[in-house]
Amino acid sequence: MIAEKTQDYFSRYPQLRTLFFFDEQKEYAETIEQLSVSGVQLVKWEDNPFTLKVRLTDELKNEKVLLYLPMKHPSNQDEYHNFPLMGLLIANKELNLDDSGTVLEEFGLGRHQKALVERYMSELKYGGVKEVCKPILTSQKLTE
């Protein structure tokens, strides 16, 4: 599943260079160890932000990279400011394995809207419902 979704992201976004994969519970750690995706370099976070940033912006600048981070995604202002790769995260994409993450990606919604999307996911899984709701499924309009 991770390999297929990774390939899908790099196919849909040909300019994409780094695909971030946050895994706070480390539930995919074993899968990552054995993961092989054609044309994609797997890089793991090892609490080395400066070295990693230099590597991503220099050595791997022309490569497609899946960056595995066994940590929580930054979720508030302080965490965003303290995340050393925030600029790269904003400039790239995040791998979402769940349906709500796919909806966030599809409609360009923010992470802060994920809980709301999850609440209505049973309806949003249908293409017709998404089409009807499309005018309000924007980062500016989707609110409680």
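1. Helices (H or I, at least four residues) and strands (E, at least two) are DSSP runs, numbered from the N terminus. With that in hand, here are some notes on the model above. Residue numbers start from 1 along each chain as its sequence is written, and side-chain values use heavy atoms, with hydrogens and water left out. Please keep in mind that this is a predicted model, in which local features need pLDDT of at least 70 and side-chain atom pairs count only at pLDDT 80 or more, while totals for chains, interfaces and linings use all residues.

2. On confidence: pLDDT is the predictor's confidence in each residue, from 0 to 100. The protein chain averages 86, and 93% of the residues score at least 70. Among its elements, strand 3 (residues 64–69) has the highest mean pLDDT, 97, whereas helix 6 (residues 99–107) has the lowest, 72.

3. Two strands count as paired if DSSP finds at least two bridges between them. Strand 1 (residues 18–22) pairs with strand 4 in the parallel sense over 2 bridges, and Phe20 has Glu94 in strand 4 as its bridge partner.

4. Thr18 is a residue of strand 1. The accessibility classes used here are buried (under 20% relative accessible area), exposed (over 50%) and partly exposed in between, computed with a 1.4 Å probe on protein chains only. Thr18 is buried because its relative accessible area is 5%. For contacts, the criterion is heavy atoms within 4.5 Å. Not counting residues up to four places away in sequence, Thr18 touches Leu56, Val65, Leu67, Asn92 and Lys93.

5. Which residues of helix 1 are buried? In helix 1 (residues 2–12) they are Ile2, Thr6, Tyr9 and Phe10. These residues lie on the same side of helix 1 because they cover an arc of only 90 degrees around the axis; the arc is that of the directions from the helix axis to the C-beta atoms. The face turned away from this buried side carries the exposed residues Glu4 and Ser11.

6. Thr6, in helix 1, deserves a paragraph to itself. Thr6 counts as buried because its relative accessibility is 0%. The side chain of Thr6 reaches the backbone oxygen of Ile2 at 2.7 Å. Leaving aside neighbours within four places in sequence, Thr6 is in contact with Leu19, Val37, Val40, Leu66 and Leu95.

7. Turning to charges: side chains of opposite charge can pair when their charged atoms come close. A salt bridge here is a side-chain nitrogen of Lys or Arg within 4 Å of a carboxyl oxygen of Asp or Glu.

8. Arg12 forms a salt bridge with Asp8, with the closest N and O atoms 3.1 Å apart. Arg12 and Asp8 are separated by about one helical turn because they are 4 residues apart in helix 1. Arg12 is partly exposed at 40% relative accessibility, and Asp8 is partly exposed at 36%.

9. In helix 3 (residues 49–59), Glu59 and Arg55 are also 4 residues apart, about one turn of the helix. Their salt bridge has its closest N and O atoms 3.5 Å apart. Glu59 is exposed, with a relative accessible area of 55%, whereas Arg55 is partly exposed at 31%.

10. Another salt bridge joins the side chains of Lys72 and Glu79, at 3.0 Å from N to O. Lys72 is partly exposed at 36% relative accessibility, and Glu79 is partly exposed at 29%.

11. Finally, a look at the backbone. Most residues other than glycine have a negative phi, and most peptide bonds are trans. Lys26 has a positive phi near 60 degrees and is found in the loop between strand 1 and helix 2 (29–33). Asp47, which is not a glycine either, has a positive phi of about 55 degrees. Asp47 sits in the loop between strand 2 and helix 3 and is exposed, with a relative accessible area of 62%.

Methods
A polar contact is a pair of N or O atoms within 3.5 Å; within protein, one must be able to donate a hydrogen and the other to accept it, and residues adjacent in sequence count only if both atoms are side-chain atoms.
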